[in-house]
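Hi,

Here is the structure I promised to pass on. Have a look at it first, and my notes follow below.

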There are 2 protein chains.
Amino acid sequence: MFLDKLLASCRQNQSLLCIGLDPDPALAPLELVGRADWAARFGQGIVEATADLVCAYKPNLAFYEALGTAGWQALGATLAAIPRHIPVIADAKCGDVGHSARAYARALFDTLNVDAATVNPYLGFDSLEPFLAYRDRGILVLCRTSNPGGADFQDLPCRLDGQEMPLFEAVARRAVQWNRAGNVGLVVGATYPTEVAAVRGIAPDLPLLIPGIGAQAGDLASAVRAGVDRQGERVLIAVSRQVLYASRGTDWAAAARAAALALRDAINQVRELQR
Amino acid sequence: MFLDKLLASCRQNQSLLCIGLDPDPALAPLELVGRADWAARFGQGIVEATADLVCAYKPNLAFYEALGTAGWQALGATLAAIPRHIPVIADAKCGDVGHSARAYARALFDTLNVDAATVNPYLGFDSLEPFLAYRDRGILVLCRTSNPGGADFQDLPCRLDGQEMPLFEAVARRAVQWNRAGNVGLVVGATYPTEVAAVRGIAPDLPLLIPGIGAQAGDLASAVRAGVDRQGERVLIAVSRQVLYASRGTDWAAAARAAALALRDAINQVRELQR
């Protein structure tokens, strides 16, 4: 079960930090620049430096796809370096139906063998069904995204079951109904702590993936406070660049570790204060 | 310009038929089964048999991705076989932001060099901006999809600019506003002719990509009537399996041609009757 694995790794590493793996050639450590296998080496180095500090890793498939064939090899090498007890979330933002959705589900859950995937809700339940059918894996449904344009549709007032609410709350309500196997979570941007709190109210038991800290400038403390459940858990604070690219010098792995440690501890401090 | 190229190919081939390229190993012609290059040969064969009968081709990237490295080679070989005056729409259903969205736009418009791409609107305007920036290419925004689950959110009553309307109509209205460069279209399923008509009313000038005929059982005539503009144009009736897999025997290319011809003529008959 994805959720059990997530809660276990959160507790073992005392961490709600989820490192987003976004290999960007323009920001890579200088000693790796120009190497054909730089993304593989970079991913392995980041994982080795941080595996005792995170609750999960979240490879962003768009970044790997952008690297072509070498990207897929880098992804495979990076996934192989992640200890088996740490869950991996493929940030794939899948949104398709029928045969295509089934093909994506197979590619992610059978071939790549990740623990969870992000999915887009616009196409509705039957676009998520092929993923939900893997009851031991998780889906994290995009709900209120951290980009400014997220408001364009996600904040529109909608009527669901006779009540008016913004669209993202309607998505959260449906996600709760679709959570029969305990394998559904939601994605809510840290930049919108009020929305994070609203989603937590609708979905008290669902894991919330919260991106938008750091490079995207969300406020860490308010996002953690708004997102955690009553036990101070079921939140993944997703950070990418702030950790990955903490240094471009030869100390890049150590600098990434230091950044991850500081984030993990800052998150835990907020949890402590809230008890 | 995508729209100019589309209108020109519609007129030259007297066709609103868009063949969806969904290479499925389970349905492939028997003489190609087991060949490493089957999807390339199949795509080339379909294109050669139908290039004078279509207004566009729509490769579904999920099917090519599912074939791994061979899939990308097959896609390249298939695209190379398409005459330059026929527009190609990458059915990619992109829905991401920032660096990822830019990477997808580059991959589709620079590397693959397709004329248009399908995109998911849930993440809002800034997720579409990197695509819109290619003013000579098109984006086709998922609006009312042809799957049953499309109703889950797309049909929710929403308030936009003080008016109540289903979410898909709100998407259509925003798409019209985002069409400053004349490079936006919409995707509306043939299974919902009333919704097709509503979208055409909101967006009199936008091209409408209409899937869901045939294997997905939408009614051809009602979709064409509801979708065409006042000149009987700006509609792409997307059909995949009914053409691609018309026969598994050695006559597969001829059978695909016959199916495409019948569809093109059936569509044109509806247009004639409407004049």
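In what order do the eight strands of the open sheet in chain B run? The order is E2-E1-E10-E9-E8-E5-E4-E3, and the pairing is parallel. Strands E2 (56-59) and E3 (89-94) of chain B each have a single partner strand and stand at the edges, so one side of each has no neighbour in the sheet. On average, neighbouring strands here are turned by 30° against each other, ignoring direction.

Before more detail, some housekeeping. This is a predicted model, in which local features need pLDDT of at least 70 and side-chain atom pairs count only at pLDDT 80 or more, while totals for chains, interfaces and linings use all residues. Residues are numbered from 1 along each chain as its sequence is written, and chains are lettered from A and ligands numbered from 1 in the order in which they are written. Helices (H or I, at least four residues) and strands (E, at least two) are DSSP runs numbered from the N terminus, and two strands pair if DSSP finds at least two bridges between them.

**Inside the sheet**

Strands E5 (residues 138-144) and E8 (residues 184-188) of chain B are joined in the parallel sense by five bridges. There, B:Val141 stands opposite B:Leu186 in E8(B). Helix H8(B) lies across both strands and runs at about 160° to E5(B) (axes are lines fitted to C-alpha atoms, for helices over the stretch in contact, with angles from 0 to 180 degrees between N-to-C directions).

**A hairpin**

E6 (residues 157-160) and E7 (residues 163-166) of chain B run antiparallel and share four bridges. B:Cys158 stands opposite B:Met165 in E7(B). Two residues lie between the strands of this hairpin, where B:Asp161 takes a positive phi near 50°.

**Helix against helix**

H8 (residues 167-177) also packs against H9 (residues 193-202) in chain B, at an angle of about 30° and with the axes 9 Å apart.

A rotation of 180° with 0.0 Å of shift along its axis superposes chain A on chain B, with RMSD 0.0 Å (by least squares on the C-alpha atoms of residues with pLDDT of at least 70 in both copies). The copies are thus related as by a two-fold rotation axis. Of the residues of chain A, A:Cys158 comes closest to that axis, its C-alpha at 2.1 Å.

Happy browsing!

Definitions and conventions: Contact = placed C-beta atoms within 7 Å.
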